[in-house]
Amino acid sequence: MLEQELNARISKLQEEMRSKGFDSYVVSSREDIWYYTNITYSPEERPFFIVISLDDKPVLVVPKLEEAHVKKGILDTNDIAYWDYPSPAGENWFEVLIDVLGKFRHTGVEGNIPAEHFARIQGIGVELSNLVAKERQIKSAYEIEKIRFCAKKADETMFDIFQKASRETMVLEMSALSQKSYMELINTMQLDPANSNLLAVVWPAPESAMPHGVPNIYKKYGDGPNVAMTYYRINGYASECERTFFIGEPSASEKEMFVHMMNARNAALSILKAGVKAKDIDMAARNYLESYGLLGSLLHRTGHGIGLSNHEAPFVAEGSDDLLTENMVISIEPGIYVEGVGGVRHSDTVLITKDGYELLTKAPTELEKLIF
């Protein structure tokens, strides 16, 4: 199944290469190489490349250190090793890569290549492109099931957070809850640790007004609003679930904040389907918040793509040119943040369907179910 999936991805890239007039294409980022090969490696200062052509096997250009490793890969590839970094003249990675590309007429290079690497090969007339980023946006059935499984595990930890929530619980204790899922996956032999990262965090109020802040890990939770997040990547595929909860009855102003957040969220979801512009989803939430004078309490876009990474294209933002397509996976997460009070935000992993959407994360969203 995996070999079939990888070959299908390469075939899709080759179709796009033909349409753009490329007869070879260079991929250099760790995630993108994993996407086409399922090879896990740590590049450090030694770069790693895959060159995909129209009529031959993919070529892997790797440091000597990784040569035996890549020969165990799933796909049939031509492997060329360079000595190390830095190397004597004639043995450097860029000299080896330029030699590989020399037989091609028109080479595309995925645009996330580091600038210092692109500078080394720019003189041979290569062209930056974004074919891989576009291909990764639309998920196959295989990928959707992987993301669905990750979302299920994220939900399970969210319920564990709900059970643990109390005024005696420290921030550090909540973060430890992800270890339960981690150990379950290990014990059932379902975990690839090199391609997995399970993060559970809960921002206490009022620190929840700074969604990327780092709270005191020994602080205990108060009434709220507290923002919980399970930010998971399991066996290469990501998901996220976020929920705002309260310990004890929220105040009238906190309830009002929560209602406005949910209304902005529902405004975005109400128009979410294939064929809609990503920026229109963002504007639906923004326009609602603006109508109530709350735009100044918004700190970020409505969402972003989810796949191999927790943050990738398409971006659900007012400046985005992305068009949503069936089988894309995104987050929907408008938030309201008030300094000294806290933040309110839910986030779900959402599959775009032809006529709407499917929430892959399913933890409760209603206020009455989030008061503990």
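A salt bridge is a side-chain nitrogen of Lys or Arg within 4 Å of a carboxyl oxygen of Asp or Glu. In this predicted model, the structure holds 26 salt bridges.

One of them pairs R148 with E358, whose closest N and O atoms are 2.6 Å apart. R148 belongs to helix 7 (residues 141-164) and E358 to strand 16 (residues 357-359), so the bridge, within the 4 Å limit, links distant parts of the chain, 210 residues apart. Both partners are partly exposed: R148 has a relative accessible area of 26%, and E358 one of 25%.

D160 is buried, with a relative accessible area of 14%, whereas K180 is partly exposed at 45%.

E318 sits in the loop between strand 11 (312-316) and strand 12 (329-332), while R286 is in helix 11 (residues 278-291); the two are 32 residues apart. E318 counts as partly exposed at 44% relative accessibility. R286, at 18%, counts as buried because that value is under 20%.

Some salt bridges share partners, and these join E31, D32, R136, K139 and E312 into one network.

The surface also has a nonpolar patch of about 290 Å², made by L172, I217 and Y218. L172 lies in helix 8 (residues 171-175) and is partly exposed at 39% relative accessibility.

Notes
Residues numbered from 1 in each chain as written. Predicted model: local features only at pLDDT ≥ 70, side-chain atom pairs only at ≥ 80, totals over all residues. Heavy atoms only, no water. Patch = residues over 30% accessible without salt bridge, like charges linked within 9 Å, V, L, I, M, F, W, Y side chains within 5 Å. Areas by Shrake-Rupley, 256 points an atom, 1.4 Å probe, with all protein chains shown as cover. Buried < 20%, exposed > 50% of the residue type's maximum accessible area, 1.4 Å probe, protein only.
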